[in-house]
Amino acid sequence: MIIIGIAGGTGSGKTTVVKKIVEALPAGEVNVLPQDSYYKDSSHIPLEERQKINFDEPAAFEWDLLINQLQDLKDGKDIEVPTYSYLTCTRQPETIPMHPRDVVLVEGILVFSDKRLRDMMDIKVFVDADADDRLIRVINRDCIERGRTPQLVVERYERVLKPMHNKYIEPAKKYADIIIPQGGNNTVAIKLLKEYIEGRIKMHR
């Protein structure tokens, strides 16, 4: 099994890169493990307080669960991936079954923040994008998918996203083996990554 970490700021184009890698490889060969599924459950906190939680720092995630489940996949075991609701900021009762496959993409803003997780990765990819481009994508996504107003998104960006990006996400770029500028629009980098993955799969067989 090949484990690939894909990090980068909110709105950098990580999801697009992941989608294009999955599409470029044979069907049924790739698992995608989103770090967002492993946010700590906040259902015990009043809804009003949940809105104030900082979801852009390492402490927001249940690292042990993510690492243990990734290890289970590596060991050939099935796992039940947790699900999380951005609307209520709570973990959902439903889980998603996942079976081991040749390639696992571990994707999220802070997947390079825990050394144990980094050490499990065969290759670390950082998706880079201009801050203005990221903000535009975040406004579009959060207004459509998460029911927020543009004003709320910009306020959260200035209060949380930007400082957390500068504190945790940008410095983690130093751990990357590959940096992809322009996110999913960088077809050359995605093609090279696809060829690298195919080469590694052949080596493991």
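User: Which residues line the largest cavity?

Analyst: This is a predicted model: local features need pLDDT of at least 70, side-chain atom pairs count only at pLDDT 80 or more, and totals for chains, interfaces and linings use all residues. Numbering starts from 1 along each chain as its sequence is written, and side-chain values use heavy atoms, without hydrogens and water. The lining is Thr10, Asp56, Arg134, Tyr157, Leu161, His165 and Ile169. Helix 6 gives the largest share, 4 residues.

User: What makes a space a cavity, and what makes a residue part of its lining?

Analyst: On a 1 Å grid over the protein atoms alone, a 1.4 Å probe fits in a cavity but cannot get out; a lining residue has an atom within 4 Å of a point. The structure holds 1 cavity of 30 Å³ or more.

User: What is the volume of the second largest pocket?

Analyst: About 300 Å³. A pocket is an open set with protein on both sides within 12 Å along at least five of seven lines. Of its 16 lining residues, Gln51, Arg148, Leu152, Arg156 and Arg159 are the closest to its centre. Helix 6 (residues 150-169) gives the most to this lining, 6 residues.

User: Why are helix 1 and helix 7 called oblique?

Analyst: Their axes, lines fitted to C-alpha atoms over the stretch in contact, cross at roughly 50° and come within 10 Å. Under 35 degrees is roughly parallel, over 145 roughly antiparallel, 65 to 115 roughly perpendicular, and the rest oblique. Helix 1 and helix 7 are therefore oblique.

User: Which residues of helix 1 and helix 7 meet?

Analyst: Contact means heavy atoms within 4.5 Å. Val17, Lys20, Ile21 and Ala24 of helix 1 meet Ile190, Leu193, Lys194, Ile197 and Glu198 of helix 7. This contact has 6 nonpolar, no polar and 3 charged residues.

How values were computed. Axes are lines fitted to C-alpha atoms, for helices over the stretch in contact, and angles run from 0 to 180 degrees between N-to-C directions. Helices (H or I, at least four residues) and strands (E, at least two) are DSSP runs, numbered from the N terminus. Ala, Val, Leu, Ile, Met, Phe, Trp, Tyr, Cys and Pro count as nonpolar, Asp, Glu, Lys and Arg as charged, and the others, Gly among them, as polar. Grid points are joined across faces, edges and corners, and a volume is the space filled by probe spheres set on the points.
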